[in-house]
Amino acid sequence: MDQRYSPVQDVRRHHRRLVLRSLRDDGPQPRADLARRLGLSATTMTKVVGQLLDEGLVAEGAVAGAGRRVGRPSTGIGIRADARHVIGVRVGAGAVELGLCDLRARVRESRSFAFDAAAESPERVAARIAEEASGLAAAVPAGRLLGVGVAAPGPVDAARRRVVLSVNLGWRDVPFADLLERALGVPAVVDHNVRSMALAESRYGATGGADPLLYVHVRTGVGAGLVIGGQPFRPGPHGVTELGHLRVQEKGRPCACGATGCLETVVSEPYLAARLGRRSADLLAELDDALLDEVAGHLSTGLAGAVNLLNPELILLGGIFGAAPEPVFDRVRAALRAKTFPVLRDLVRVGRPTLAGDAGVVGGAAVALDSFLYER
């Protein structure tokens, strides 16, 4: 059967997306204000809102401070956050986190488990994800789970169905979407884990609308994700932005990717723990000045390349940097400033993520919400 939509249906879907995205990004609004903002006629707005009301996705109520009439609240339209749910999944190096999230990507219930990549196949890990996701889905009424979004470790295919390569886990061509769809009976989508985190911060974090936004996650490796113009940046067939595999040392340490001197060989958690002689929950806080300067120097070299090429307004440093003391950020900012093009030095900000520990799960949820609701 031909699943393509007619031109009229396409226009209606476009209007629906516009309204839902505006309510997501700008909060509840009176119909008249929403129509003006989106350039839609009153008739079109009535039809779109009527459909969304019928589906239970939005509700009408008093919106204090909205509208143009003075002296009393206006009646506005707002998203019913609990009307539907998605499951966000973050797959890391040896750990998986899952969360049942509402339409604002807020985590309502979470689960996690550890795995041994040397002993468990990626298919077995996917089966365990499906088991935990089924437990989360049990709390959702029938028909109210939109789907599953997986924030995966490594580049994915253009259709966002499978992990093409995960260097640190040794995985290749893992069909996560197919495996989860068969097990759960709902749609699934897969994207690069750090790009998913960047999308989550852009959509649902307290980033003040910063654009472009670069998210850098330092843990077992160094991953990066970029949002430009409100959309995740997916260059080429696999959307690869491998900041961690930029060479920062000409004759450096061997990397899991097969090259030498990659950024992640000199700033990642395993390397720093080895230099410190132990693992620590506050690893960066325990480095001496010399090693901290080394870390800031190498990291700023990688970041400077991204700044000079892509001009991000905001860089968020997550992973082991998420809870780092502010002086650590000051070292990175100073080193970065010295290496960036002069007119960009005062434009880029460097800070910590605003979604903290939920960034990966919310990232998976953000990908699912975009795919199955807001961009559909």
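Glutamate 132 and arginine 111 pair up in a salt bridge, with their closest N and O atoms 3.3 Å apart. This ties together distant parts of the chain: glutamate 132 belongs to helix H4 (residues 122-137) and arginine 111 to strand S6, and the two are 21 residues apart. Keep in mind that this is a predicted model, so all of what follows describes a prediction.

How open are the two partners? Glutamate 132 has a relative accessibility of 22%, so it goes down as partly exposed. Arginine 111 comes out at 31%, and that makes it partly exposed too.

## Other salt bridges

How many salt bridges turn up in a search of the whole structure? The count is 34. One of them joins glutamate 269 to arginine 219, with 3.6 Å between the closest N and O atoms. Here again distant parts of the chain are linked, since glutamate 269 is in helix H8 (residues 269-276) and arginine 219 sits in the loop between S11 and strand S12 (222-228), 50 residues apart. Glutamate 269 is at 16% relative accessibility, and because buried means under 20%, it counts as buried. Arginine 219, at 34%, counts as partly exposed.

Glutamate 250 and arginine 247 also meet through their side chains in a salt bridge, at 3.6 Å from N to O. Glutamate 250 has 61% relative accessibility and therefore counts as exposed, while arginine 247, at 46%, is partly exposed. Then there's a network of salt bridges that links Arg21, Arg24, Asp25, Arg203, Asp370 and Glu375.

S6 (residues 107-114) pairs with S5 in the antiparallel sense, over seven bridges. Within that pairing, alanine 114 of S6 stands opposite alanine 95. S5 and S6 make a hairpin with five residues between the strands, and alanine 105 takes a positive phi near 65 degrees there.

On to S4 (residues 85-91), which runs antiparallel to S5 and is joined to it by six bridges. Arginine 90 stands opposite glutamate 97 in S5. S4 and S5 form a hairpin as well, with three residues between them, and glycine 94 in the turn has a positive phi of about 95 degrees. Is strand S5 (residues 95-101) mostly covered or mostly open? It's mostly covered, with five of its seven residues buried.

## The open five-stranded sheet

Elsewhere, five strands build an open sheet with mixed pairing, in the order S13-S12-S11-S14-S15. The edges are strand S13 (231-232) and strand S15 (349-351); each has a single partner strand, so one side of each has no neighbour in the sheet.

Strand S11 (residues 213-218) and strand S14 (residues 314-319) run parallel and are joined by six bridges. Helix H10 (residues 326-337) lies across S14 and S15, and runs at about 155 degrees to S15.

The axes of H1 and helix H2 (residues 31-38) come within 11 Å and cross at roughly 110 degrees. The two helices are therefore roughly perpendicular to each other. On the H1 side the contact uses Leu18, Val19, Ser22, Leu23 and Asp26, which meet Leu34, Arg37 and Leu38 in H2. Sorted by class, that contact has five nonpolar, one polar and two charged residues.

What about helix H1 (residues 7-26) and helix H3 (residues 42-54)? Their axes come within 10 Å and cross at roughly 75 degrees. That makes H1 roughly perpendicular to H3. H1 contributes His15, Arg16, Val19 and Leu20 to the contact, and H3 contributes Thr44, Met45, Val48, Gln51 and Leu52. The residues of this contact divide into five nonpolar, three polar and one charged.

## Leucine 291 in H9

Last stop: leucine 291, found in helix H9 (residues 289-310). Leucine 291 counts as buried because its relative accessibility is 7%.

Terms used. Residues numbered from 1 in each chain as written. Predicted model: local features only at pLDDT ≥ 70, side-chain atom pairs only at ≥ 80, totals over all residues. Heavy atoms only, no water. Axes fitted to C-alpha atoms, helices over the stretch in contact; angles between N-to-C directions. Helix = DSSP H or I, 4+ residues; strand = E, 2+ residues; numbered from the N terminus. Parallel < 35°, antiparallel > 145°, perpendicular 65-115°, else oblique. Contact = heavy atoms within 4.5 Å. Nonpolar A, V, L, I, M, F, W, Y, C, P; charged D, E, K, R; others polar. Buried < 20%, exposed > 50% of the residue type's maximum accessible area, 1.4 Å probe, protein only. Pairing = 2+ DSSP bridges. Salt bridge = Lys/Arg side-chain N within 4 Å of Asp/Glu carboxyl O.
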